[in-house]
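The exercises below are to be worked with the sequence and the coordinates at hand. Each task is followed by a solution in steps.

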Amino acid sequence: MRWIKENIMIISKKQEAQELLQSILAQSTVEDEEVLLHLLTGVRDKQSGVHSRYINAALHMVGEFYCDHSIVRMPNTPVIHNTIKVPHGGILATIADAAMGGLATRSLEDGKNVVTTNLNINYIATTTNKELIAKGYFVNKGRRMIVMECIIEDETGKKLATATASFFIIEPRK
């Protein structure tokens, strides 16, 4: 009985998604279609293993992590824009957190992880250029806490924001 109930829910969710997609496309603008394509491509990339988390997939956020720094990139699309059509400040905080937290996590022994305990960001400029780039660096690495810093720029090198964050080191769950 449970199997039937679960399959009915799956079918109804798929049907609901298909109907919603058809409704959106019937009334869509070019920008709507660009956003929808961006988001659907992200879901497909998640399904195919390009991204391990939906947030990275939805934002098309990719990172390079080295022993002493990280570089995280994200395209500047309408998906991340605020009302004045520039990247939302929360998105800049998100890419900074990804650059710093991703580097902090990768610096630990297997099984350990970090959680953000504090993040401060100073906004400097906006951009309409094509890409956001966050570069994360260590400030201090202790036994229980890691302090990081980050610079967020666009692809021309225009500085958009600076950030600092503290990360608490957590043990593996048992």
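**Exercise 1. A salt-bridge network**

Task: Starting from the salt bridge between Glu 131 and Arg 73, determine which residues are linked in a network with this pair.

Solution. 
Step 1. In this predicted model, Glu 131 and Arg 73 form a salt bridge whose closest N and O atoms are 3.2 Å apart. Glu 131 belongs to strand β4 (residues 131-141) and Arg 73 to strand β2 (residues 69-75), so the pair ties together parts that lie 58 residues apart in sequence.

Step 2. Arg 73 also forms a salt bridge with Glu 64, with 3.8 Å between the closest N and O atoms.

Step 3. Joining the two pairs gives a network of salt bridges that links Glu 64, Arg 73 and Glu 131.

Step 4. Glu 131 is partly exposed at 23%, Arg 73 is partly exposed at 26%, and Glu 64 is partly exposed at 33%.

**Exercise 2. A pair of sequence neighbours**

Task: Classify Arg 44 as buried or exposed, do likewise for Asp 45, and state how their side chains meet.

Solution. 
Step 1. The side chains of Arg 44 and Asp 45 meet in a salt bridge, with an N to O distance of 4.0 Å. The cut-off for a salt bridge is within 4 Å, and the structure holds seven salt bridges.

Step 2. Arg 44 has a relative accessibility of 51% and counts as exposed, because the threshold for that class is over 50%.

Step 3. Asp 45 has a relative accessibility of 15% and counts as buried, because the threshold for that class is under 20%.

**Exercise 3. The largest nonpolar core**

Task: Identify which element supplies the largest share of the largest nonpolar core, and describe the surroundings of Ile 152.

Solution. 
Step 1. The largest nonpolar core has 27 residues, and those touching the most other members are Met 74, Ile 95, Met 100, Leu 132, Cys 150 and Ile 152.

Step 2. At least two residues of this core come from each of β2, α4 (89-106), β4, β5 (145-154) and β6 (159-170). The largest share is that of α4, with eight residues.

Step 3. The buried residues of α4 include Ile 91, Leu 92, Ile 95, Ala 96, Met 100 and Leu 103. In soluble globular proteins, nonpolar side chains tend to be buried together.

Step 4. The geometry of α4 can be checked against expectation: its 18 residues reach 26 Å from first to last C-alpha, close to the 26 Å expected at 1.5 Å a residue.

Step 5. Beyond its neighbours within four places in sequence, Ile 152 is in contact with residues including Leu 92, Ile 95 and Ala 96. Ile 121, Ile 133, Ala 134 and Leu 160 are also among its contacts.

**Exercise 4. Residues in the helices**

Task: Locate His 38, Ile 55 and Leu 21, and assign each to an accessibility class.

Solution. 
Step 1. His 38 lies in helix α2 (residues 30-47) and is buried at 10% relative accessible area. Apart from neighbours within four places in sequence, His 38 is in contact with Ala 58, Leu 59, His 60, Pro 75, Thr 77 and Val 79.

Step 2. Ile 55 is found in helix α3 (residues 54-59) and is partly exposed at 47%. The C-alpha atoms of Ile 55 and Lys 141 are 27 Å apart in space, and the two residues are 86 apart in sequence.

Step 3. Leu 21 lies in helix α1 (residues 2-26) and is partly exposed at 30%. Together, Leu 21, Leu 25 and Leu 40 make a nonpolar surface patch of about 240 Å².

**Exercise 5. The chain as a whole**

Solution. 

Step 1. Along the principal axes, the C-alpha atoms fill a box of roughly 50 × 45 × 25 Å.

Step 2. Of the 174 residues, 30% are buried. The chain exposes about 11,200 Å², of which carbon and sulfur atoms supply 55%.

Step 3. Among contacts between residues at least 6 apart in sequence, 60% join residues at least 24 apart.

Technical notes. Residues numbered from 1 in each chain as written. Predicted model: local features only at pLDDT ≥ 70, side-chain atom pairs only at ≥ 80, totals over all residues. Heavy atoms only, no water. Buried < 20%, exposed > 50% of the residue type's maximum accessible area, 1.4 Å probe, protein only. Helix = DSSP H or I, 4+ residues; strand = E, 2+ residues; numbered from the N terminus. Patch = residues over 30% accessible without salt bridge, like charges linked within 9 Å, V, L, I, M, F, W, Y side chains within 5 Å. Areas by Shrake-Rupley, 256 points an atom, 1.4 Å probe, with all protein chains shown as cover. Core = buried A, V, L, I, M, F, W, Y, C linked by side-chain atoms within 4.5 Å. Contact = heavy atoms within 4.5 Å. Expected span 1.5 Å × (residues − 1).
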